Amino acid sequence: MDLTKRDVREITMPKDIKKQKLLDEVKNEKPIKSKILTLPILIIGFLVVLFGAYMLYAMTHMHVTSKTETSTVKTSSGSEKASSSIKKYVAGKDYKITYSNTNLISKEQINKALGANYLNDINSLMSTKKPSGLDMAKIEVYYNKDKNLLVENLFKNGHSTNEATTAVVYDLKNNQIVNSGVNYDTNYQPSWLVYTWERLTK
């Protein structure tokens, strides 16, 4: 049987149309399938990011909180140590200071001389702790007007005699300590009592 070109086209046309329809349907199905698959992936990705952000926040918050708590504990324990180690001594209750013969020498000059060897530090005078505590019972300061000297007699707490445990001689003209120790030169012997510090509490 002889078929013309036209006949061939007519015979084959329905097949092409069917094929095209099938291709169109497949094309239309692909986006739907890809959309269905993409949606769960997006949801899972969003949840992972959200969970990661929450974990990061929780870890940072815990670190900052623990650091703050640690520093607070350190600060409070440090302040407790400082407050317990430095006792506040009260004038008139724990100790007494008396200035006399102030017409001969000023209080400022006496205090400056005492400060040269830390004898105006009440905490140090009262403290019994070594090495900084002097554990003094009494300090008497005499003024030698002729030589312009101060002789500071130091009486250690618990010392049995009326003699000074040690003595310091201070030159008021040159503002310096010129002698210290138990056996100081008799030329430095005092003449006028100008200052007394006494411990009142044991």
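This is a predicted model: local features need pLDDT of at least 70, side-chain atom pairs count only at pLDDT 80 or more; totals for chains, interfaces and linings use all residues.

Trainee: Over how many bridges do β2 and β3 pair?

Mentor: β2 covers residues 136-144 and β3 covers residues 149-156. Y143 stands opposite L150 in β3. The two strands pair in the antiparallel sense, and the count of bridges is eight.

Trainee: Which strands are at the edges of the sheet?

Mentor: Six strands form an open sheet, with antiparallel pairing. The order is β1-β6-β2-β3-β4-β5. An edge strand here pairs on one side only, which leaves β1 (95-99) and β5 (176-181).

Trainee: At about what angle does helix α2 run to β3?

Mentor: Helix α2 spans residues 107-116. The helix lies across β1, β2, β3, β4, β5 and β6. Its angle to β3 is about 55°.

Trainee: How far apart in sequence are the parts that E198 and K96 tie together?

Mentor: The side chains of E198 and K96 meet in a salt bridge, 3.8 Å from N to O. E198 lies in strand β6 and K96 in strand β1, so the pair ties together parts separated in sequence by 102 residues.

Trainee: Are R199 and D135 buried or exposed?

Mentor: R199 and D135 form a salt bridge, with the closest N and O atoms 3.4 Å apart. R199 is in strand β6, and D135 is in the loop between α3 and β2. Buried means under 20% relative accessible area. Both R199 and D135 are buried.

Note on methods. Residues are numbered from 1 along each chain as its sequence is written. Side-chain values use heavy atoms; hydrogens and water are left out. Two strands pair if DSSP finds at least two bridges between them. Helices (H or I, at least four residues) and strands (E, at least two) are DSSP runs, numbered from the N terminus. Contact means heavy atoms within 4.5 Å. Axes are lines fitted to C-alpha atoms, for helices over the stretch in contact, and angles run from 0 to 180 degrees between N-to-C directions. A salt bridge is a side-chain nitrogen of Lys or Arg within 4 Å of a carboxyl oxygen of Asp or Glu. Buried means under 20% relative accessible area, exposed over 50%, partly exposed in between (1.4 Å probe, protein chains only).
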